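Colleague: Could you take me through how to read the strands, the sheet and the core here?

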Amino acid sequence: GFTTTMVSNTEAYDGTTWTNSPTLGTARYGLGGAGDSSGSALAFGGQNNGGTTYALTEEFTTSTNTITAGAWAAGGTLPTAVYDNAGAGTKNAGLSFGGDTAPDGKTTATFEYDGSSWTAGGALNTGRRELGGFGLQTAAVAACGGNYPASTLTEEYNGSSWTAGNAASTARTMMGAA
């Protein structure tokens, strides 16, 4: 059968090179994320090899004003455990959308993060997993995904609802976006 090796490693890119960063508290795959150029980030959701789907959030904070290295810490819990979801926004204004809540349980759920807790946002028009996400909490894009078959769907979020965007030229799944 298929086995996924879970890791808790994280890496940071400074525009030139990748360097190892502090590890996540919980190793998992299929998690969403968001971050900004200040060095702050979110990691949320995910699943382990045993089929457990997580609702946990981890926050990464670093500071150029202190010698202490950045670290991941527990954040607010997602209202629903989810994996293969997408993310956008920043640590204090994050967005989680789509994903899978159980085998073949593709969701339309959108959740907004304020730096301490998640609340429900407007639902995607089409539930799908393994989609790409980018933008801000008030201006985000959900691209492609699906599962199998892959999708060309895109949707745009205005901070309260999703509207259909132009279709991508090629159907894709297992997206990564920044």
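Colleague: How many helices and strands are there in the protein?

Modeller: Helices (H or I, at least four residues) and strands (E, at least two) are DSSP runs, numbered from the N terminus, and the protein has zero helices and 14 strands. This is a predicted model, in which local features need pLDDT of at least 70 and side-chain atom pairs count only at pLDDT 80 or more, while totals for chains, interfaces and linings use all residues. Residues are numbered from 1 along each chain as its sequence is written, and side-chain values use heavy atoms, with hydrogens and water left out.

Colleague: In what order do the four strands of the open sheet run?

Modeller: Two strands pair if DSSP finds at least two bridges between them; here the order is E3-E4-E5-E6, with antiparallel pairing. Strand E3 (32-35) and strand E6 (71-74) are at the edges with a single partner strand each, so one side of each lacks a neighbour in the sheet. Four bridges join E3 to strand E4 (residues 41-44), and Gly32 lies opposite Phe44 in E4.

Colleague: Which residues make up the largest nonpolar core?

Modeller: In soluble globular proteins, nonpolar side chains tend to be buried together. A nonpolar core is a set of buried (under 20% relative accessible area, 1.4 Å probe, protein chains only) Ala, Val, Leu, Ile, Met, Phe, Trp, Tyr and Cys residues joined through side-chain atoms within 4.5 Å. The largest has ten residues: Ala86, Ala88, Leu95, Phe97, Leu124, Leu131, Ala140, Ala142, Tyr157 and Trp162. Strand E7 (86-90), strand E8 (93-97) and strand E12 (139-143) each give two or more residues to this core. A second, separate core of nine residues includes Phe44 and Trp118.

Terms used
Buried < 20%, exposed > 50% of the residue type's maximum accessible area, 1.4 Å probe, protein only.
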